[in-house]
Amino acid sequence: MKNPALHPRRTGIRYVSPRFQGSAALAFAVIIATGGAIFWYLVDSAFQRVFPHAAIRGHYAFDSAYDIVRDLLAWHLAGLFVGVFLTGSVLVLLLVAATRHGIGKAVDSLRASADGNLSTPSGAGPIGEFERFGKTIDAARSDTLASVLKIRSEAAALAAGGISPEEYRLRWDELKHRIRRIAP
Amino acid sequence: MSGPEAAGNVPLIHRRYVFGLLLRLCVNFAGGVGILFVILYFALSRPLPGDFAGVFHALRNLSPFLRPILAVSVLIYALLACGSTSALCVCILHKVAGPLYRMERILDQYRSGAPTRTLSFRSGDQIQPLAQAFNLWIGTLRRDRQRWLATMKDAERHCLQDEATCRAEMDEALRKVAEDMARYH
């Protein structure tokens, strides 16, 4: 029987890409911090106004300070939630749009590569991570094109003739070896 | 980006994924605001002194007393919300970042000349058309490579005949291969 202690359950791998996940987390943190700062400023200035006003009014029909600022607090908390959530939603939609644009360009360039176009840059987009990814794809396509062009010029040179049979055979075998190395 | 979605009928990013992310963010921010409310509720709901003078002085001095409490509670809210949102970003966005990482590894492998496997992403991962497009490209390259090698092998069969025929067939095969390769630009 298997001992569960010796065979720990494999957990899913959570890839962390500092450029993509990190920058998204940072952007959300900025939104939350800004929302919190605005909330603090507004509520603090309201407290500075409301409590002295309640003190000099004289009719103390409340048990705690919460009874005085209940509505004010509720509205400000609702405002904080709505403001942060809406701004966060806009950020999510921007992230999704940038991903669709960047990866869409990469997909387009790979499909064009299948049709033989290995030279047009993918132009994968505004976010650093996608730009870097597009460059990686372009580098792979560029390597493939360089390899194909080299083989092609070698094949054309061999077919042009004027080479001794021994050298011809050597270069022929070398050419086959190079072709085998395409997309191994 | 209608191109990648229309061709494979698989969207780059599923709507369900986007709605799920928005829903989790909503719950996350609501939780943060809820915690902020609880802290402020406990700070503000202490009963005021019973007599008139006591209430007056308590209310007069309440706002300076509440200022650090408010600042600390907002700070706690910001730290909790930032922490949970960061965790959410890592967990949810790994469905995009993971496939990108995997694809980059395969591309590095491909560029180093090592045998390249067919790319497949985990179920639930986004940007699936990327794997399909990559496999399509590599598949086309492999088919072309097999065709070029077959053309050359075919020419080699004529080497069982005389030298001149062999050379002529090989030259013809090379021209064919070079012409075929011309589609790559």
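Let me start with one pair of side chains: B:Glu156 forms a salt bridge with A:Arg169, and their closest N and O atoms are 3.5 Å apart, where a salt bridge means a side-chain nitrogen of Lys or Arg within 4 Å of a carboxyl oxygen of Asp or Glu. Between chain A and chain B the count is five salt bridges.

Residues are numbered from 1 along each chain as its sequence is written, chains are lettered from A and ligands numbered from 1 in the order in which they are written, and side-chain values use heavy atoms, with hydrogens and water left out.

As for confidence, the model scores ipTM 0.85 and pTM 0.85. Chain B averages a pLDDT of 89, with 96% of the residues scoring at least 70; pLDDT is the predictor's confidence in each residue, from 0 to 100. Where pLDDT is low, the predicted coordinates should not be read in detail.

Now to the interface as a whole. Chain A and chain B each bring 96 residues to the contact, contact meaning heavy atoms within 4.5 Å. The area buried between chain A and chain B, that is, the accessible area (1.4 Å probe) lost on putting the two together and summed over both, is about 8,700 Å², and carbon and sulfur atoms give 75% of that.

Across this interface the rule finds 24 residue pairs in polar contact, both residues being at pLDDT 80 or more; a polar contact is a pair of N or O atoms within 3.5 Å, and within protein one must be able to donate a hydrogen and the other to accept it, with residues adjacent in sequence counting only if both atoms are side-chain atoms. On the side of chain A that touches chain B, the elements giving two or more residues are helices H1 (18-57), H2 (65-114), H3 (128-160) and H4 (165-180) of chain A, and H2(A) gives the most, with 28 residues.

Conventions: Helices (H or I, at least four residues) and strands (E, at least two) are DSSP runs, numbered from the N terminus.
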